[in-house]
Structures are given as C-alpha cells and as structure tokens.
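Good morning, and thank you for coming.

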Amino acid sequence: MLVLDDLLFRPIVGIADALHSLALDECYDIDALEDERKELELLYELDEIDDSEYDRRREDVDAEIEEAREVHRRLTSGRVEVREL
Amino acid sequence: MTGASSSSSRYVYGIVSADDGLEFEAEAVGGAGQVYPIRYRGLAALVSNVEEDAGAFERSDEDATRHDDVVREILLRDGGRTVIPMRYGMIFERDRALTNVLRASRPTLRRTLRELDGALELGVKLVRGEGQSVEQSAVEETVDRTLDPSSERWVENDQFSDRLVLNRSYLVDREARDHFDEGIEALSQERDDLKIRYSGPFAPYSFVDIQIGGR
C-alpha cells in the first residue's frame with residue numbers, strides 16, 4: 001500500500017513542482033528584469049531619457065528585481081508555507 | 001603598511017604579475033580601505049580584507065560597483081598593468097587557501113597573463129532608432145572593416161534589447177588604443193543612422209575563462 005501510494009503520488013508532485021517552477025519563472029523572471037535595467041541604462045547613456053525618467057524607472061525596476069530575488073530566495077529555501085486565502 | 005589582518009577573510013579582485021603587486025587606498029568591497037598584494041612565486045593576488053567569512057558575505061549592487069572600480073584602478077593606476085580580473089564575490093577565509101590556489105593554477109595564470117599582456121577591453125554597442133530597420137550583415141561588414149585591424153579579437157555580448165543592432169567587447173592592445181578610437185570615429189561617420197555607445201577601458205573580463213577556488 002505504501003509503495004502504491006508513492007507511485008501514485010510522486011508523478012503528481014512532479015507535475016505540480018514543474019508548474020510551480022514555470023509560474024515562478026514567468027512571474028518573477030530575474031533575467032528579463034535585468035535586461036530591462038540594462039536597456040534603461042543604455043537609453044539614459046544615449047540621452048534618450050532624462051534624469052527624472054531614468055530615476056523613476058530605475059527605482060521601479062530595482063524594486064521589481066529585489067522582489068523577484070526575495071521570492072526566489074523564499075521559494076527555494078525549503079521553508080515554503082502555503083495558505084488558503 | 002599591508003592592511004593585512006589574520007582575523008578577517010581576503011576578498012580577491014584580480015591576479016597580476018608579482019612585479020605589479022601594487023598597494024593603494026580605495027573604497028573597497030565591504031567598506032575596506034586598502035588593497036594589497038598576496039604574492040606567490042611570480043604572481044600576486046590583489047586583495048582587501050572582509051570581516052565576514054565566505055558563507056556570511058552578502059552581495060550588493062554597491063559592493064559590485066566597488067569591485068569594478070578597484071579592478072579598473074588596478075588596470076590603469078600608475079601607467080597601468082595587465083590584470084586577470086576575478087568575478088565579483090570571490091573570498092578566501094585563509095591566506096594559505098589562496099596561495100594554494102595560486103600554486104595549483106600557476107601555469108594557467110602565467111600563460112593567461114602572457115596572452116593578455118598590455119590588453120584592454122573596450123565595449124561597442126550600436127543602437128537603432130525606435131522602429132528603424134537595418135540590414136544586419138551590412139552593419140557587421142562596416143564594423144569588421146573599421147575595428148578589426150586595430151583589435152586582437154572580439155566577442156559578442158547579450159542582445160538585451162530589441163534596439164541593439166550589435167553588442168561586442170573588443171580586446172585591444174594599449175598601444176593600439178588611438179588606432180581603435182580612429183576606427184570608432186570612422187564607424188560613426190559611415191553609420192550615422194545608428195547611435196554608438198563606446199565604453200571602457202575595462203579589465204578583460206570577456207576574454208578570461210578561469211575558474212579558481214574560493215567563493
């Protein structure tokens with residue numbers, strides 16, 4: 001019975017893990033956010049955006065990167081808590 | 001004064017020839033103020049002290065910038081020198097561990113120092129206007145014709161934006177720098193429909209692929 005439970009349960013966990021990982025990468029794609037930051041710096045260096053626009057957008061993208069890193073840290077730390085809202 | 005302390009770890013910026021093992025004050029990683037050499041048989045690792053052990057080191061954008069600034073200072077200070085740059089975040093908890101790595105990697109490090117002798121890295125980005133279409137092969141032909149004669153080699157970098165037509169790092173000998181600048185000028189005249197972002201000099205990060213121990 002124990003073996004049967006394992007066999008039935010593991011594929012489901014595997015799919016759930018994969019879906020979770022995909023969702024995580026989609027919502028908190030650090031590489032894409034870092035590309036966005038590099039593009040922002042490039043446009044600023046080329047004088048296509050001014051100081052105030054650069055500061056505003058840079059603050060936003062930095063906050064998003066920090067949030068994405070924090071989410072990745074939490075969800076890969078092995079101390080994930082799932083709650084029903 | 002060496003700034004060395006037996007109680008802290010060593011943060012490594014780069015490897016130079018022992019003759020180039022300079023010491024200077026700097027705003028270094030983790031708030032340290034002194035960069036100094038740890039030598040081993042013809043090589044020197046340029047380091048600063050960090051209080052944390054390797055496991056406790058917290059990465060930050062500020063420290064990444066300090067790392068880059070120190071490496072650039074090593075590259076250019078007092079007429080400059082050849083440096084093998086280390087990646088941000090490399091820490092050794094004991095000097096012995098660092099010298100062991102220098103000993104084990106010595107042939108590779110010495111060969112790399114010879115290969116990079118006198119070389120700088122320069123960045124070239126060509127950027128199209130919003131919605132502008134360009135013929136990629138024609139751009140590359142012009143870039144190769146104007147820049148290749150004064151550079152030793154180049155590598156392609158990330159296409160992190162749709163606006164980028166070309167993003168390359170060039171390895172250029174210090175003596176050929178003026179010639180390369182002339183190439184950039186010629187390129188900007190021939191392709192005045194594109195914006196050029198020319199940056200550097202940097203230590204030759206893009207042309208070194210050495211993994212050494214530490215963290």
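Which helices each supply at least two residues of the lining of the second largest pocket? They are H2 and H3 of chain A together with H1 of chain B. Helices (H or I, at least four residues) and strands (E, at least two) are DSSP runs, numbered from the N terminus.

Before going further, a word on conventions. This is a predicted model, in which local features need pLDDT of at least 70 and side-chain atom pairs count only at pLDDT 80 or more, while totals for chains, interfaces and linings use all residues. Residues are numbered from 1 along each chain as its sequence is written, chains are lettered from A and ligands numbered from 1 in the order in which they are written, and side-chain values use heavy atoms, with hydrogens and water left out.

Let us stay with the second largest pocket. Its volume is about 470 Å³. A pocket is defined on a 1 Å grid over the protein atoms alone: whereas a cavity is a set of points where a 1.4 Å probe fits but cannot get out, a pocket is an open set with protein on both sides within 12 Å along at least five of seven lines, and lining residues have an atom within 4 Å of a point. Grid points are joined across faces, edges and corners, and a volume is the space filled by probe spheres set on the points.

There are 16 residues in the lining of the second largest pocket, and those nearest its centre are Arg69(A), Arg73(A), Arg59(B), Ser60(B) and Asp61(B). The largest share, 5 residues, comes from H3(A). Sorted by class, this lining holds 5 nonpolar, 2 polar and 9 charged residues. Here Ala, Val, Leu, Ile, Met, Phe, Trp, Tyr, Cys and Pro count as nonpolar, Asp, Glu, Lys and Arg as charged, and the others, Gly among them, as polar.

I turn now to the largest pocket, which holds about 1,900 Å³ of space. Its lining has 50 residues, and the closest to the centre are Lys38(A), Glu41(A), Asp68(B), Phe202(B) and Tyr205(B). Chain A contributes at least two residues from each of helix H2 (30-45) and helix H3 (51-75). On the side of chain B, helix H1 (61-76) and strands E7 (119-127), E9 (164-173) and E10 (195-202) each do likewise. The lining divides into 17 nonpolar, 10 polar and 23 charged residues.

What of chain A as a whole? It has 3 helices and 0 strands, and from the N terminus its elements run α-α-α. Of its 85 residues, 19% count as buried, where buried means under 20% relative accessible area, exposed over 50%, and partly exposed in between (1.4 Å probe, protein chains only).

Which residues of H1(B) are buried? They are Asp63(B), His67(B), Val70(B), Val71(B), Ile74(B) and Leu75(B). Seen down the axis of H1(B), these buried residues fall within an arc of 145 degrees, so they line one face of the helix. The arc is that of the directions from the helix axis to the C-beta atoms.

Next, some backbone details. Most residues other than glycine have a negative phi, and most peptide bonds are trans. Asp47(A), in the loop between H2 and H3 of chain A, has a positive phi of about 60 degrees, and at 68% relative accessibility Asp47(A) is exposed. Arg41(B) has a positive phi of about 35 degrees; this residue is found in the loop between strands E3 (34-40) and E4 (43-50) of chain B and is exposed at 53%. A cis peptide bond, with omega about 5 degrees, joins Gly200(B) and Pro201(B), and Pro201(B) lies in strand E10 of chain B.

Lastly, consider Asp148(B), in the loop between helix H3 (136-147) and strand E8 (153-156) of chain B. Asp148(B) is partly exposed, with a relative accessible area of 29%. Leaving aside residues up to four places away in sequence, Asp148(B) touches Val143(B), Trp154(B) and Tyr170(B), contact meaning heavy atoms within 4.5 Å.
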